[in-house]
Amino acid sequence: MTTTTSTSSGGAPAGTARRTTIAKALNAGMRAAMERDDKVLLMGEDIGKLGGVFRITEGLQKDFGEHRVLDTPLAEAGIMGTAVGLALRGYRPVVEIQFDGFVYPAFDQIVSQVAKMHYRSQGTLKLPMVIRIPYGGGIGAVEHHSESNESYFAHTAGLRVVTASTTEDAYWMIQQAIASDDPVVFYEPKRRYHERGMLDLGDGSAPDLADAPYSLDQAVVRQEGSDVTVLTYGPMVKVAMAAAQAAELEDGPSIEVLDLRSLSPMDTDAIEASVTRTGRVITLSEAQTFTSVHAEMAAWVQEHCFYHLEAPVLRVGGYNIPYPPSRHEEVFLPDLDRVLNAVETVLSY
C-alpha cells in the first residue's frame with residue numbers, strides 16, 4: 001500500500017523542502033497571506049507580542065505592525081463583531097479563538113451574522129474572514145480547553161469548515177481560507193502543532209495559490225487500501241494511519257484512510273469513490289458520535305453507497321459525555337485498539 005499525500009509545494013525551487021512543524025507552517029502561511037494582501041489582518045487575545053498561547057503568530061506583529069496584528073481584549077463576542085465590521089469594509093480579518101471551548105461567547109455572532117450575511121443580502125455583501133480554532137484533546141488541559149465542537153459549525157449553512165492534518169496542508173489551507181470570499185472556520189489540531197512534516201517554502205516569497213496541491217474542499221487519500229475505508233480528519237488522521245500500518249505489518253486487512261480536510265462542504269465524490277472500492281466504512285474523530293459529523297458521514301454513505309456496502313457503517317469517536325478531566329482523556333479519545341476493533345467488526349459481516 002502507498003500513500004498519496006503530496007509533499008511538494010508546486011512551483012517552488014527543487015531541493016528547498018525541509019522538515020517543519022504544523023505550528024510553523026501555519027505561521028508561514030499567514031505571513032505569505034499578509035505579504036500578498038495588505039487587507040489581511042490578524043486579531044485575537046495575546047497574539048501580538050506573545051505570539052499566541054501556542055506561538056502560532058510569533059513574530060508577525062513585529063514584522064507587520066500593531067495595526068495588522070491586533071492584541072484584543074478578552075471578549076470573544078466583541079472580537080467577532082469587530083471582525084464582521086472589518087470584513088464588510090473590505091478587510092480580511094483572521095480571528096484566533098484561543099481555545100475551542102472559548103468560542104461559545106462568539107457563537108451568536110458567528111451563526112447569526114457571519115454565516116447569514118451573504119445570503120440575506122442576496123449576494124450583495126460578503127464576509128471574507130477566517131476563524132481559527134485550536135481544537136481537540138491530548139494536551140492535558142483543564143476544562144473548556146479540549147473540545148471538538150466542529151459539528152455546530154458544520155451544521156450551520158453559510159460557513160465553510162475545514163481542518164488541516166499535515167504540515168503541507170496547514171501552510172496551503174490557511175492561505176486558501178484567507179483568500180476565500182466565504183467565511184471559513186479553520187480548525188487546528190492542537191496536539192499535532194509540534195509534529196513535523198516536509199514543506200517546501202521556495203524562496204520565501206508569497207506563493208501563487210494556483211500551485212497549491214489540493215483545493216480547499218478536496219479530500220485526500222492518505223493511505224490506499226482495499227478492505228475498509230476510514231473516513232477521518234484533523235488529529236485522528238495520525239491514529240488512522242497508525243492502524244493502517246499496524247494491519248499491514250501483521251498481514252491483516254488493507255485499510256484505506258481518507259482525510260476529509262473539509263467538513264462543510266464534504267468531498268462526497270472522494271467518499272463515494274473510496275467506499276465503492278472497499279465496501280466497508282468506519283468514521284473516526286475525537287468528537288462525540290451523537291448528531292455529529294460522524295452521523296452525517298454515516299448517513300450520506302448509507303444513502304448514496306448502499307449497494308456497495310458489505311457491512312453497517314461504524315462510528316469510532318469520543319464517548320457521549322462532557323470532555324473528561326485530563327487524567328482520563330486517553331480513555332475518552334479513540335486510539336489504535338478501538339480503530340482496529342472496529343475494523344475487525346466490519347470485516348466479520
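Which element gives the most to the lining of the largest cavity? I began my notebook with that, and found that β7 does, with four residues.

**Ground rules.** I am working with a predicted model, in which local features need pLDDT of at least 70 and side-chain atom pairs count only at pLDDT 80 or more, while totals for chains, interfaces and linings use all residues. Residues are numbered from 1 along each chain as its sequence is written, and side-chain values use heavy atoms, with hydrogens and water left out.

**Cavity.** I searched the whole structure and noted one cavity of 30 Å³ or more; a cavity here is a set of points on a 1 Å grid over the protein atoms alone where a 1.4 Å probe fits but cannot get out, and lining residues have an atom within 4 Å of a point. The largest cavity holds about 30 Å³ of space, a volume being the space filled by probe spheres set on the points, which are joined across faces, edges and corners. I listed its lining as Ile 22, Leu 26, Ala 164, Ala 170, Phe 186, Tyr 187, Glu 188 and Pro 189. The elements that give two or more residues to this lining are α1 (22–36) and β7 (184–189), where helices (H or I, at least four residues) and strands (E, at least two) are DSSP runs numbered from the N terminus. By class, I noted seven nonpolar residues, no polar and one charged in the lining; Ala, Val, Leu, Ile, Met, Phe, Trp, Tyr, Cys and Pro count as nonpolar, Asp, Glu, Lys and Arg as charged, and the others, Gly among them, as polar.

**Sheet.** I then followed an open sheet of five strands with mixed pairing, in the order β9-β11-β10-β13-β14, two strands being paired if DSSP finds at least two bridges between them. β9 (220–223) and β14 (314–318) stand at the edges with a single partner strand each, so one side of each has no neighbour in the sheet. Within the sheet, β10 (residues 228–232) and β13 (residues 281–288) pair in the parallel sense over four bridges, and I saw that Leu 231 stands opposite Thr 283 in β13.

**Helix pair.** Last, I looked up α3 (residues 76–88) and α4 (residues 107–114), which pack at an angle of about 25° with their axes 8 Å apart; axes are lines fitted to C-alpha atoms, for helices over the stretch in contact, and angles run from 0 to 180 degrees between N-to-C directions. That makes α3 roughly parallel to α4, since angles under 35 degrees count as roughly parallel. Where they meet (contact means heavy atoms within 4.5 Å), α3 brings Ala 77, Met 80, Gly 81 and Val 84 against Gln 109, Ile 110 and Val 114 of α4.

Conventions:
On a 1 Å grid over the protein atoms alone, a cavity is a set of points where a 1.4 Å probe fits but cannot get out, and a pocket is an open set with protein on both sides within 12 Å along at least five of seven lines; lining residues have an atom within 4 Å of a point. Angles under 35 degrees count as roughly parallel, over 145 as roughly antiparallel, 65 to 115 as roughly perpendicular and the rest as oblique.
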